Amino acid sequence: MNDPGLDGQIHDAASEARNTIGQLKSEDAGNEDTGTTNAAMQFQGRDKAQTMPTRWWYASTGFPLIAGTFGPLANACSICALVENWRIEVPPGGTEAHGIDIKDPRFLIVVNAVSLVFALVANLSLLLNMAKRLRFEIAQPITIIGFWSASVLLIGLISYASTSSFDAPNVQNQALTQAYYYGIFAAALYQVISYLMCITVWGAYRGAYGKEFDLTVAQRTLMLQTISFLVYLLLGAVIYSRIEGWRYLDTVYFMDYTLLTVGVGDYSPATHLGRSLLFPFAVGGIITIGLVVSSIRSLVLERGAEKLSARMTEKTRRRVVKQIATAEKQKQTKLSTKPVFHLDENTAKGLIANPVDDHVGELERRKTEFEAMREVQDMAAREQKWMSLVVSTLAFALMWFIGALVFFRTERKQGWTYFDALYFSYTSILTIGYGDLYPTSNSGKPFFVFWSLLAVPTLTILVSSMGDTVVKGVKDATIWLGEISFLPSTEGSTRDKLKVGAYRATLGKFRSGGPEGNDQEKADYEEEQDEEWANFKQLHPGLAKIFEPADRKKVDHRNHAILDRLAEAWASTEEEEGKEPRTKQDQRIRAEHHYRHLLISQIPKLYDDTKLTTPKKYSFAEWSFYLRLIGEDESDSSLHRRARPKPKGHPHNQEKHAADHGPPQPKPPSSGQREETSHTKLKWSWIGPYSPLMEDKDEAEWILERLFQRLDESLATQKRDFERSLNDVDNLTEPGLPGSGEKQS
């Protein structure tokens, strides 16, 4: 049975959907080959991501983004170092704020300008490389040499300005201006960026990653957003310095704490025009800084968290596999076995069970492996969330305490104590800005600008990290307290309220004891427990969501839905097939048609799942169903293996004999009546390195791509069979005619 005109439409739809999936996860697109069913190609992306050390991710992605973010900031500091003189004369009894400019030597201005040109060219080269407008081999030498040369020139000027040779003659009381300190910040940033990019180039030529930056759209635009914000700040400073009559670098300081909403308060517009312009200017600046902070958050919390989560999942999985192997040995030697890395007791027992001695079926063993892998994912996710919180908290503390130390040193003439500096830093980093303390020295103001541009995004990252941990805990505690006090329904009985108290005291683990009778009594008891739990959920939905028992969460509520899918798909063809006599060829064709119908019916549902904000996690029953569609049978032990720890001294981060085992490979139904495919079935384990749950892709995307591959293979086989049939017809001629192969009578 052929589907006229359907082959091309399905193939086009498959290609379009695959392209869409590739856009959803662009970092995986380079590792996918949509025209092959080779096992190594299907798992190349995940294996490379797992075995790549974290340091190479920093070199390939983190360092270029740091350069793209801090390069424009260093250029802004260079501009600030160029626009004003580096020396002032402090009048008797006055402060640095009342200093009189001393003109700089001509060579200092020229060298400073040349340094800025080098840095601008380097930044432009990096920007074009990130935008894929300039090749890596050309852009990176320009970037590295440009930033390093700019740094060396500035370091030379700073060194000269720090000596007595730079002192103006016949001037008693001299001081260095804010421009000098901006030059120090620029030189330091140029130097760091040049060395970071050297590491990036070294890793690329070493073959650790490609020579193209693997960045998302948000990450690629981070550099442009940073440039936009800094241009906005510097141009605003030009305007306000003219309107208010301030020094330019003092105006930069004013612009900084205004756009960051710190509001220190020592500078404020006094003219009517200045105050009027503040309305649109502040809104535009806050929107611009919001875009920059959002991109930084995307970099640190999304991409960085994704990488950290993958590494933690892999490490947790290895620890579990190692402890399983140890528990199996202890069981064989009849020693007491230790718990397997915080796994559920029943799951741990199932993992170390012997299929023969313990009479454990393959399907049950595979389900136990699947549940263990889910627990590994949950443990790694919790660890990753708290690790992100710890790191962001340490970053915040570092910015706070180190910033306070610097302000304590720069504002000694004001008589600040370290506690005063801590107080000022804290109110500034939280954007409170009382205005009772503020820096007045020429070194304190530039440092405040530089420090605040780092500190405020750091606080944003900290608050975001708290969202899934501390804030979530407070939110859950609020629901908890509400539902055990005045939020529960007034129809709740005293018994229900006591149950709520038991759940509250035992964190949802309270379960009344069950009967010790026969299986029927236990089944009746479980049914009663299910009914009581349903009533409890209806009365206290928020509390039930928080404290649902772990064993109840594992109950598969989708089995009936899966069976309904199969029944509905089968019923659509069963009636028609029963009306006609069946030959073996007819049965095979109908089986092929039904198989394609199943594939096509599941693709829209999976495609909808890929659009979910929170990636969907499928149950074991759903995975079994989809694996059957792509040619895998969870009850067939010949397709599976038990995970084993990595042997000592092994050169690669793979399981023992990993080269001989791999991912599930799709095979079409009734494969004995088709042409054999060229690839070989490879064995795998749910808690092994080639498990589908260890993929970089979301589960829906992984399954969807395999279903498309199976659909392509099925249509290709049908096409070959159809062409073979046409050839057979063309070769037939009527007996007795010329060309029939018989002699004429």
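**Exercise 1.** Find how many aromatic pairs a search of the whole structure gives, and decide how the rings of Tyr232 and Phe281 are arranged.

*Solution.* The search finds 34 aromatic pairs, where rings of Phe, Tyr and Trp (its six-membered ring) pair if their centres lie within 6.5 Å, and planes under 30 degrees apart count as stacked, over 60 as edge-to-face and the rest as tilted. This is a predicted model, in which local features need pLDDT of at least 70 and side-chain atom pairs count only at pLDDT 80 or more, while totals for chains, interfaces and linings use all residues. Residues are numbered from 1 along each chain as its sequence is written, and side-chain values use heavy atoms, with hydrogens and water left out. For Tyr232 and Phe281 the ring centres are 4.8 Å apart and the planes stand at 10 degrees, so the pair is stacked.

**Exercise 2.** Determine whether Trp623 and Trp686 are buried or exposed, and classify their pair.

*Solution.* Buried means under 20% relative accessible area, exposed over 50%, and partly exposed in between (1.4 Å probe, protein chains only). Trp623 has a relative accessible area of 0% and is therefore buried, and Trp686, at 0% relative accessibility, counts as buried too. Their rings form an edge-to-face pair, with 5.5 Å from centre to centre and 75 degrees between the planes.

**Exercise 3.** Identify the residues with the most contacts inside the largest nonpolar core.

*Solution.* A nonpolar core is a set of buried Ala, Val, Leu, Ile, Met, Phe, Trp, Tyr and Cys residues joined through side-chain atoms within 4.5 Å. The largest has 91 residues, and Trp86, Val252 and Phe448 have the most contacts inside it. A second, separate core of 38 residues includes Trp686.
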